[in-house]
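We will go stop by stop.

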Amino acid sequence: MMRFVALLLALGLLMASCNRTPAPLDPASAQAVKVQLNILRDTVAARWSEMQLSDDGKQRATKQLLRELSGLPGTDRAALARLQYANDRLPARRYTQQSMADSDLIDAYDTAQDSLLRAVYGLVPVPTAPTVEATPVLMLTGQIQEADAELVGFRSRYDQAAMRFNNYLQLHQDDIRQLGGKYTSLQPLPLFTLQN
């Protein structure tokens, strides 16, 4: 019986020690500033990555759509080749997280992509009957249009994350300076939203 009581006591102490919650970080501490900065940077990076992956998918779908169009009778192969060349060049024209501070780069990229997509859509045959089944051409066109429509949302979510990061940098300048190292070189991020 004593062993059983001792075992229960030991088990109770073990469980009590396992259920301890860690001491909360002091929000003014250097460790808390580092943690918060890392969370904010990771969030910005995730939003940027989501947007880039969507854009990459749109370009792959456009490439596949052009391939599908080349198999249709009466398609202008020279026009398809020009459009494929333009689609292949888009990734090199795309702005980066830093270069987007120059809004002309964003505008140039958007204009190039919009012009390309309008030309591609012009080659997509219009279904002759309302009950036409979804062909690969129509499915790919729908995927591209859907991804294109999501762009504003991706940019908005990126801007929200970048604004939180920028605001944190501004509010905690002194704390960040004291961290030293890579933290002292952190700069506010450019936004898609034009600033007054």
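The tour visits packed helices, then cavities, then a pocket.

**Before you start**

This is a predicted model, in which local features need pLDDT of at least 70 and side-chain atom pairs count only at pLDDT 80 or more, while totals for chains, interfaces and linings use all residues. Residues are numbered from 1 along each chain as its sequence is written, and side-chain values use heavy atoms, with hydrogens and water left out.

**Stop 1: α2 and α4**

Select residues 30–70, helix α2, and residues 103–123, helix α4. Helices (H or I, at least four residues) and strands (E, at least two) are DSSP runs, numbered from the N terminus. Two packed helices are described by the angle between their axes and the distance between the axes. Here the axes come within 11 Å and cross at roughly 30°. That makes α2 roughly parallel to α4. Axes are lines fitted to C-alpha atoms, for helices over the stretch in contact, and angles run from 0 to 180 degrees between N-to-C directions. Angles under 35 degrees count as roughly parallel, over 145 as roughly antiparallel, 65 to 115 as roughly perpendicular and the rest as oblique.

The α2 and α4 crossing is left-handed. A crossing has that hand if the near helix is turned anticlockwise from the far one by less than a right angle; clockwise is right-handed.

Which residues of α2 and α4 meet? On α2, show Asp55, Lys58, Gln59, Thr62, Leu65, Leu66 and Leu69. On α4, show Tyr109, Gln113, Leu116, Leu117, Val120 and Leu123. Contact means heavy atoms within 4.5 Å. The residues of this α2–α4 contact divide into 8 nonpolar, 3 polar and 2 charged. Ala, Val, Leu, Ile, Met, Phe, Trp, Tyr, Cys and Pro count as nonpolar, Asp, Glu, Lys and Arg as charged, and the others, Gly among them, as polar.

**Stop 2: α2 and α3**

Pick out the α2 side of the contact: Gln59, Thr62, Lys63, Leu66, Leu69 and Ser70. Then pick α3 residues, including Arg77, Leu80, Leu83 and Gln84. By class, the contact of α2 with α3 has 6 nonpolar, 5 polar and 3 charged residues.

**Stop 3: α2 and α5**

How far apart are the axes of α2 and α5? They are 9 Å apart, at an angle of about 165°. That makes α2 roughly antiparallel to α5. The crossing of α2 and α5 is left-handed. Their contact has 23 nonpolar, 7 polar and 10 charged residues.

**Stop 4: the cavities**

On a 1 Å grid over the protein atoms alone, a cavity is a set of points where a 1.4 Å probe fits but cannot get out, and a pocket is an open set with protein on both sides within 12 Å along at least five of seven lines; lining residues have an atom within 4 Å of a point. Grid points are joined across faces, edges and corners, and a volume is the space filled by probe spheres set on the points. The count comes to 2 cavities of 30 Å³ or more.

The largest cavity has a volume of about 40 Å³. Select its lining: Met51, Gln52, Asp55, Lys58, Arg94, Tyr95, Tyr109, Gln113, Leu151 and Arg155. The largest share, 4 residues, comes from α2.

The second largest cavity has a volume of about 40 Å³. Select Met51, Ser54, Asp55, Lys58, Ala147, Leu151 and Phe154 to see its lining. α2 and α5 each give two or more residues to it.

**Stop 5: the largest pocket**

Finish with Ser103, Ile106, Leu191, Phe192 and Leu194, which lie nearest the centre of the largest pocket. In this pocket lies about 170 Å³ of space. Its lining has 7 nonpolar, 3 polar and 2 charged residues.
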